[in-house]
Amino acid sequence: MEDTSLSLLDHLRRSPQSEAWNRLVALYAPLLRAWLRRYDVQASDADDLLQEVLLAVSKDLGTFEHRGQSGAFRSWLRSILINRLRNFWRSRDRGPQARGDSDIHHRLEQLEDPASELSRIWNREHDQHVARQLLALAQPHFAANTWQAFRRVVLDGARADAVAAELDTSLNAVFIAKSRVLSRLRQEAAGLLESSSGFLATS
């Protein structure tokens, strides 16, 4: 990750066609595809609909305001997904009733309701997926021993002193590795994940 205090969203606002956009696509394409499948979008249509969602994100990101609200970006993204799914089925000559799947509209309403169980599932899967993807994207930017120390302490829950012995390094080096990786991950995730989400809550 580049040496900067700007989050991924900040980079995108400043330069929508930058490498940050490629990272955002890498982060979100698998998650969005999975949710398109839940709403019976065929593989032949999924690519086009995915591009529509991402295009809407790119076009409107400049007007998106986080305002410090917890989960604001994932809620905004969920709204875009819902709108594109509604437009998709409206544009078809055959509606949900004709398809023999009359609950699609109902499921979209559930997803739109922030208090629904389906909306909570979206929130949970969003945070888990983005956390995993951020970890995968971050790993190549750290030395192997730094990442190993972070992984063993933060992800595996091992004791720092045991990890220091395991890696034949000092306890201070383990703490520094943990701090460096977490700092970069929090920078990158700012606005995407809640600070209480998973490994980001680790002090």
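**Notebook: core and helix packing**

I looked up the largest nonpolar core first, and it has 63 residues. Tyr28, Leu32, Trp35 and Phe73 have the most contacts inside it. I took a nonpolar core as a set of buried Ala, Val, Leu, Ile, Met, Phe, Trp, Tyr and Cys residues joined through side-chain atoms within 4.5 Å. Buried means under 20% relative accessible area, exposed over 50%, and partly exposed in between (1.4 Å probe, protein chains only). In soluble globular proteins, nonpolar side chains tend to be buried together.

The model is predicted: local features need pLDDT of at least 70, side-chain atom pairs count only at pLDDT 80 or more, and totals for chains, interfaces and linings use all residues. Residues are numbered from 1 along each chain as its sequence is written, and side-chain values use heavy atoms, with hydrogens and water left out.

**Whole chain**

I found nine helices and zero strands in the protein chain. Helices (H or I, at least four residues) and strands (E, at least two) are DSSP runs, numbered from the N terminus. Of the 203 residues, 43% count as buried. I then checked contacts, meaning heavy atoms within 4.5 Å. Among those with a separation of 6 or more, 63% are between residues 24 or more positions apart.

**Leu32**

I listed the partners of Leu32, leaving aside neighbours within four places in sequence. They are Leu50, Val53, Leu54, Leu77, Leu81 and Trp122.

**α4 against α6**

I looked at helix α4 (residues 72-90) and helix α6 (residues 117-138). Their axes come within 11 Å and cross at roughly 120°. Axes are lines fitted to C-alpha atoms, for helices over the stretch in contact, and angles run from 0 to 180 degrees between N-to-C directions. From α4, the contact uses Arg74, Leu77, Arg78 and Leu81. From α6, Ser119, Trp122, Asn123, His126 and Asp127 take part. Leu77, Leu81 and Trp122 are also on the Leu32 list.

I checked Asn123, which is found in helix α6. Asn123 counts as buried because its relative accessibility is 17%. Not counting residues up to four places away in sequence, Asn123 touches Arg74 and Arg78.

I then checked Val130, also in helix α6. Val130 is buried, with a relative accessible area of 0%. Leaving aside neighbours within four places in sequence, Val130 is in contact with Leu27, Tyr28 and Leu193. Val130 and Leu27 are 103 residues apart in sequence, yet 6.1 Å apart in space, C-alpha to C-alpha.
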